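Let's take a friendly walk through this model, from one side chain out to the whole chain. Have the structure open as you read.

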Amino acid sequence: QVLEPNEFDIMLLMRVERLQLEECDDTGAFYYLSFKRNPKEKYLLKFLDEDGRLSAFKMLQALREIIKQEVKNIKDAEVTVQRKKARSPAITLQIRNPRTSDISVDIILTLEVQQSWPPSTREGLRVEQWQGRKVKGDLRNNPLYLVAKQNKKEKVLKENTWRLSFSHVEKTILKDHGSSKTCCESDGSKCCRKGCLKLLKYLLEQLKMKYTKELDKFCSYHVKTAYFHACVMWPRDTEWQWGDLEHCFQRYLGYFLDCLQRSQLPHFFIPQYNLLSPQDKASNAFLSRQLNYQLNNRFPIFQE
């Protein structure tokens with residue numbers, strides 16, 4: 001969150017030894033999961049569907065019931081479990097906060113698997129020029145994370161698909177974001193990369209509040225993905241000096257506008273997966289118009 005810290009994501013990790021991944025479409029992001037052999041995690045066998053695949057739906061349902069029961073035991077705060085949102089991998093808790101606005105906590109069921117990333121990620125994470133080959137190798141050695149997320153491309157909702165998640169790696173990249181190790185440290189020079197990301201996140205948040213229906217398809221992940229690509233396009237710290245914030249922000253926004261115009265924003269880790277579907281051309285054009293208006297009128301939304 002850019003404004004007040006009232007939204008939190010918690011990944012609830014379940015470690016699994018080995019899984020068989022089977023792509024369920026051409027995005028390279030969504031998979032059916034099954035066990036390679038008799039799993040050590042015998043307790044998971046009850047969540048297999050009739051095809052022997054691990055059912056995300058069944059697991060989420062069981063977790064939701066556990067959380068509902070546990071919430072009843074909370075006595076010192078008013079906590080409710082929100083109604084299930086279609087296709088959402090999260091179980092959302094609403095925490096009543098009389099002093100400020102309510103706090104929303106998303107609990108996301110995540111499988112952590114110690115095995116190499118699938119082939120669809122091979123051409124992704126192109127940070128060599130920006131952060132170096134060694135960093136890229138270290139990042140790719142992270143475990144594989146899968147979240148219980150149903151595929152949007154499917155006309156019929158498939159209850160047992162899982163989506164790759166890289167939020168743990170993204171967190172590392174955001175933290176160690178410079179091409180030099182000392183970027184933004186007390187003894188290093190300050191860059192404006194994160195400042196640019198916060199500005200565009202805030203801009204999208206405000207526009208979504210204004211045009212909720214029209215911009216329903218967009219989320220901060222689009223902005224974050226464009227940010228990673230921008231860091232790769234302009235890899236040097238000197239290209240993101242703090243004093244050049246305005247210029248850098250407009251350059252980054254220009255790249256995002258170009259993506260909207262072409263309806264083409266490749267996932268940073270899975271390049272074949274386009275986050276801006278051409279089927280959503282009208283939505284992409286609407287956001288593009290709103291952002292261009294802000295850019296050409298010196299961002300009135302920041303003054304509101």
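Which backbone oxygen does the side chain of Thr 121 reach? The side chain of Thr 121 reaches the backbone oxygen of Pro 118, at 2.7 Å.

## About the model

This is a predicted model, in which local features need pLDDT of at least 70 and side-chain atom pairs count only at pLDDT 80 or more, while totals for chains, interfaces and linings use all residues. Residues are numbered from 1 along each chain as its sequence is written, and side-chain values use heavy atoms, with hydrogens and water left out.

## Around Thr 121

Thr 121 sits in the loop between strand S6 (103–113) and helix H2 (128–131). Helices (H or I, at least four residues) and strands (E, at least two) are DSSP runs, numbered from the N terminus. Thr 121 counts as buried because its relative accessibility is 0%; buried means under 20% relative accessible area, exposed over 50% and partly exposed in between, using a 1.4 Å probe and protein chains only.

Setting aside residues up to four places away in sequence, Thr 121 touches Arg 140, Leu 164, Phe 166, Phe 269 and Ile 270. Contact here means heavy atoms within 4.5 Å.

## The largest nonpolar core

A nonpolar core is a set of buried Ala, Val, Leu, Ile, Met, Phe, Trp, Tyr and Cys residues joined through side-chain atoms within 4.5 Å. The largest one has 81 residues, and Leu 111, Trp 162 and Tyr 252 touch the most other members. Helix H7 (residues 245–262) supplies the largest share of this core, 9 residues. At least three residues come from each of domain 1 (1–176) and domain 2 (179–303), with bounds from an automatic or database domain assignment.

Leaving out neighbours within four places in sequence, Tyr 252 is in contact with Cys 196, Leu 197, Leu 200, Val 223, Ala 226, Tyr 227 and Ala 230.

## Helix H5

Among the buried residues of H5 are Cys 196, Leu 197, Leu 200, Leu 203, Leu 204 and Leu 207. Their cover includes H2, helix H4 (167–175), helix H6 (220–233), H7, helix H8 (281–296) and helix H9 (300–303).

## The whole chain

The protein chain has 9 helices and 8 strands. Its C-alpha atoms fill a box of roughly 55 × 50 × 45 Å along the principal axes. Of the 304 residues, 47% are buried. Among contacts between residues at least 6 apart in sequence, 64% join residues at least 24 apart.

Notes:
A polar contact is a pair of N or O atoms within 3.5 Å; within protein, one must be able to donate a hydrogen and the other to accept it, and residues adjacent in sequence count only if both atoms are side-chain atoms.
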